[in-house]
Amino acid sequence: MIVDIKAKILENRFISGKTWLMRLEAPGIAKYSKPAQFIMVKPTTEESFDPLLRRAFAIADVVGDEVVLYYDIHGRGTKVLSERKSGEYIDVLGPLGKQLFPEDYNSYILVGGGIGFAGLSFLMKYLREKGKKFVSLYGARTKEDLSMIEWIKENGFDVIYYTDDGSFGRKGLITQDLESIIEENPGSALAVCGPTPMMKAVAKIAKQKNVPCYLSLETKMACGIGICIGCVVKDIQSDNYVRVCYEGPVFEASEIEF
Amino acid sequence: MEKELLSYELFGMEFKNPIWTASGTFSYGLEVAELYDLSELGAVVVKGLSLKPRKGNMPQRIVETPAGMLNSIGLQNPGVEYFIENILPKLRKYDTKIIANVFGENEEEYIAVSEILDKAEGVHGLELNVSCPNVKKGGIAFGSDPQVLYDLVYKIKKVTKKPLLVKLSPNVTNILDTADACVSANADGLVLINTLLGVAIDVEREKPILSTITGGLSGPAILPIAVRMIWQVYSKYGSKVPIIGVGGITTIQDALQHFLAGAIQIQVGTANFYDPYSPLKIKECLIKHLRKKGYDHFTKLVGKAHQMIIK
């Protein structure tokens, strides 16, 4: 069920790198959210229409009535969002996204790059609740960009970290050990969210190892509800463009061009 | 109360309220039907339909601009036959008017699509999108050459008994030239305005953002242009030619400007993207505004801003 609400901002603070954390009081959304779903947030106050569009953010966590977002400041919209204060109300529509991670695997390998990890963190909680086995990999350029470390520790998860510069965890790319991790965890499906080059690299390895690879995609969206037809990717079988917001956001890597 | 204030007979049918949703900003309505009852709307103008399915343009298709956005969707649609067989039966369950937006790559296609829609049960009217490039005329849009536009409208009028509206392109020197052509060819109404051509450039990558370079500008940024063009056409034709106002309507104040300039019905477009409930909010605010002003019907607003200056 999709709800359109004015959510109270409980917290909006800088974490590290480019990343901010926002906690919203949004019981209607919290209750129905599932991993890989997202919300559309209007960064500005009610009176302002510039920037015009809402921004899509993955639901990084749900705690009781609260929805937790981690977002990077990329442009005008996220800059304005970071200036919103606790206690203010903000327009939120969600939860959105229909095709989510399949639940029928016994074990999963989660691969999150940069802010994309916020597209997988809720899944970690969900899998733990369901008693499923999973391995989590989290990579970024530097330690500063591993902005969910605090959350991971608070929630008691084990994660393998990678940084390009070796400032935290293993030095190098998140894909460097992936083949052996796949071999060590037979029957697992990959759940991936991150920058496109990383997702392409992961999908390539998944194809070579013949394991299912589910990508949670993020593309430029105007509406998030399927009416602008802007956020498309190419579905290979039908050769048609499909909407990330409405037919996704999760797709099997071999089914789409991205 | 809503009916008393807002219903209006136009093109031989009753529109329960003057708030429509604009083509290309509402898909085929069914996605929004998951959020609210489409029967709340005066009309739904569906996304443009062509004879054959169209895949649309490569991403990136949209980009936000100051108080607006550019889009280059490329008229992605499943084709008119698919629409009639698979979408229309679900859509016509709602108590609203369904207006089909029509386009083609050439005159024959426009006519063929119009003929098919003329027979489709539950389609109450046609809206021609004439902003498409005319392949046979070197890619110049149908909507920018008055003679070509006259021929197109004249021929389509012959194949449909349903009301025929023409959505005019603002990318012309004088909107009255194309408006006149449509009126001469007996169009039943004019829809003012379609998007304005624009380009946005990524200054880091130093290249255009949209895959097609140009896109259509919409949103609050285009409001005064829409109001100006409605003003011009209403100044010439008054209430003789129904004007459906579209362009930049995000709030009740914007909608009121359209009415006061001469629009008899309005379409909410890009506002649906950031707030799919905005047509309903505008409708509620319109009722409040009419009560506040003491008007017994919304038509009291239509063209009213002209009264002060008519000699």
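Start inside chain A: 19 residues of domain 1 of chain A are in contact with 16 residues of domain 2 of chain A, where contact means heavy atoms within 4.5 Å. Before going on, some ground rules: this is a predicted model, where local features need pLDDT of at least 70 and side-chain atom pairs count only at pLDDT 80 or more, while totals for chains, interfaces and linings use all residues. Residues are numbered from 1 along each chain as its sequence is written, chains are lettered from A and ligands numbered from 1 in the order in which they are written, and side-chain values use heavy atoms, with hydrogens and water left out.

**Stop 1: two domains of chain A**

To colour the two parts, select residues 3-96 of chain A for domain 1 and 107-216 for domain 2; these bounds come from an automatic or database domain assignment. Their centres, taken over C-alpha atoms, are 24 Å apart. Between them, about 1,500 Å² is buried, with carbon and sulfur atoms giving 56% (buried area is the accessible area, with a 1.4 Å probe, that two parts lose on being put together, summed over both). Now pick A:P35, A:D61 and A:Y70: in domain 1 of chain A they lose the most area to domain 2, together 36% of what that side buries.

**Stop 2: where chain A meets chain B**

Show both chains. Here 30 residues of chain A are in contact with 37 residues of chain B. The area buried between the chains is about 2,700 Å², and carbon and sulfur atoms give 62% of that. Select A:L52, A:I227 and A:Y241, which supply 27% of the area that chain A buries against chain B, more than any other three residues.

Which residue of chain A forms a salt bridge with B:E34? Select A:K98: the closest N and O atoms of the pair are 2.7 Å apart. The count between the two chains is 4 salt bridges.

**Stop 3: B:T25**

Move to the loop between β3 (19-21) and β4 (43-45) of chain B, where B:T25 lies. (Strands are DSSP runs of E, at least two residues, and helices are runs of H or I, at least four, numbered from the N terminus.) Is B:T25 buried or exposed? With a relative accessible area of 8%, B:T25 is buried; buried means under 20%, exposed over 50% and partly exposed in between, using a 1.4 Å probe and protein chains only.

Leaving aside neighbours within four places in sequence, the residues in contact with B:T25 include A:I227 from the other chain, along with B:V268 and B:F273.

**Stop 4: B:L260**

Finish at helix α7 (residues 252-261) of chain B, which holds B:L260. B:L260 is partly exposed, at 27% relative accessible area.

Terms used. A salt bridge is a side-chain nitrogen of Lys or Arg within 4 Å of a carboxyl oxygen of Asp or Glu.
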